[in-house]
Amino acid sequence: MEFEEDDEVIATYIDETAERLDGIEDALLSISRGAGQGRDEVLNSIFRSAHSIKAGANLLKMRNIESISHSMENILQVFRQRRRLPDEDDVTVLLSGIDWLRDLLSDIRRSDKRDVASVVGMLNTLLGQLNKS
């Protein structure tokens with residue numbers, strides 16, 4: 001049996017991903033409120049969570065979840081490399097990605113039938129802007 005066909009594996013992935021998304025969201029909201037203590041640790045933690053979501057989606061062949069989380073991971077990597085926190089606009093874009101991921105998790109079996117081009121485009125636009133600055 002393939003992993004993507006195993007209901008127990010899928011349920012575990014959904015639960016763990018939901019927890020990771022909650023953690024990312026809490027950290028991003030904390031950053032947007034100006035709580036920048038432990039900046040490097042926060043950025044590393046957020047990045048690891050996004051990476052885990054992407055890796056699990058890849059393993060389970062959930063391409064839309066993988067695509068969104070990969071774009072988020074790339075953005076977070078820029079923040080880690082430049083050792084700066086995302087500003088309010090950056091956080092808003094990342095939170096949109098989180099909302100999309102939660103929505104896809106709510107109907108995971110049909111998640112790859114959804115059109116995620118708009119959110120991936122929005123995330124990639126932010127990445128392009130960050131790479132120019």
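A: Let us begin with one crossing: α3 passes α5 in a left-handed crossing. The model under discussion is a predicted one. The contact draws on Ser67, Ile68, Ser71, Met72, Asn74, Ile75, Val78, Phe79 and Arg82 from α3, and on Val119, Val120, Leu123, Asn124, Leu126, Leu127, Leu130 and Asn131 from α5. Sorted by class, the contact of α3 with α5 comprises eleven nonpolar, five polar and one charged residues.

Q: At what angle do α3 and α5 pack, and how far apart are their axes?

A: Two packed helices are described by the angle between their axes and by the distance between the axes. For α3 and α5 the angle is about 20° and the axes are 9 Å apart. Angles under 35 degrees count as roughly parallel, and α3 and α5 are therefore roughly parallel to each other.

Q: How is the pair α2 and α3 oriented, roughly parallel or roughly antiparallel?

A: Helix α2 covers residues 39–59, and its axis comes within 8 Å of that of α3, crossing at roughly 155°. Angles over 145 degrees count as roughly antiparallel, so α2 and α3 are roughly antiparallel to each other. The crossing of α2 and α3 is left-handed. On the α2 side, the contact is made by Leu43, Asn44, Ile46, Phe47, Ala50, His51, Ile53, Lys54, Ala57 and Asn58. On the α3 side, the residues are Arg63, Ile65, Glu66, Ser69, His70, Glu73, Leu76, Gln77, Phe79 and Arg80. By class, the contact of α2 with α3 divides into nine nonpolar, six polar and five charged residues.

Q: Is Glu66 buried or exposed, and which residues does Glu66 contact beyond its neighbours within four places in sequence?

A: Burial is judged from relative accessible area, with buried meaning under 20%. Glu66 has 17% relative accessibility and therefore counts as buried. Glu66 lies in helix α3, residues 63–82. With neighbours within four places in sequence set aside, Glu66 is in contact with Lys54, Ala57 and Asn58.

Q: What is the phi of Lys61, and where does Lys61 lie?

A: Lys61 has a positive phi of about 60°, although it is not a glycine. Lys61 is located in the loop between α2 and α3. With a relative accessible area of 40%, Lys61 is partly exposed. The C-alpha atoms of Lys61 and Val9 are 12 Å apart, while 52 residues separate Lys61 and Val9 along the chain.

Q: How do α4 and α5 pack?

A: Helix α4 (residues 88–106) and helix α5 (residues 117–132) pack at an angle of about 150°, and their axes are 10 Å apart. The two helices α4 and α5 are therefore roughly antiparallel to each other. In this pair α4 passes α5 in a left-handed crossing. Asp90, Val93, Leu94, Ser96, Gly97 and Trp100 of α4 meet Ser118, Val119, Met122, Leu123, Leu126 and Leu130 of α5. The contact of α4 with α5 has eight nonpolar, three polar and one charged residues.

Q: In which helix is Glu25 found, and which residues is Glu25 in contact with beyond its neighbours within four places in sequence?

A: Glu25 belongs to helix α1, residues 7–32. Apart from neighbours within four places in sequence, Glu25 is in contact with Leu95, Ile98 and Arg102. Glu25 and Arg48 are 23 residues apart in sequence, and their C-alpha atoms are 13 Å apart in space.

Q: What radius of gyration does the protein chain have, and with what value is it set side by side?

A: The reference is a compact globule of 133 residues, for which the radius of gyration would be near 14 Å; the protein chain has 15 Å, which agrees. The C-alpha trace spans about 45 × 25 × 20 Å along its principal axes. Of the 133 residues, 39% count as buried. Among contacts between residues at least 6 apart in sequence, 75% join residues at least 24 apart.

How values were computed: Residues are numbered from 1 along each chain as its sequence is written. This is a predicted model: local features need pLDDT of at least 70, side-chain atom pairs count only at pLDDT 80 or more; totals for chains, interfaces and linings use all residues. Side-chain values use heavy atoms; hydrogens and water are left out. Helices (H or I, at least four residues) and strands (E, at least two) are DSSP runs, numbered from the N terminus. Buried means under 20% relative accessible area, exposed over 50%, partly exposed in between (1.4 Å probe, protein chains only). Contact means heavy atoms within 4.5 Å. Axes are lines fitted to C-alpha atoms, for helices over the stretch in contact, and angles run from 0 to 180 degrees between N-to-C directions. Angles under 35 degrees count as roughly parallel, over 145 as roughly antiparallel, 65 to 115 as roughly perpendicular and the rest as oblique. A crossing is left-handed if the near helix is turned anticlockwise from the far one by less than a right angle, and right-handed if clockwise. Ala, Val, Leu, Ile, Met, Phe, Trp, Tyr, Cys and Pro count as nonpolar, Asp, Glu, Lys and Arg as charged, and the others, Gly among them, as polar. The radius of gyration is taken over C-alpha atoms; the globule rule is 2.2 Å times the number of residues to the power 0.38.
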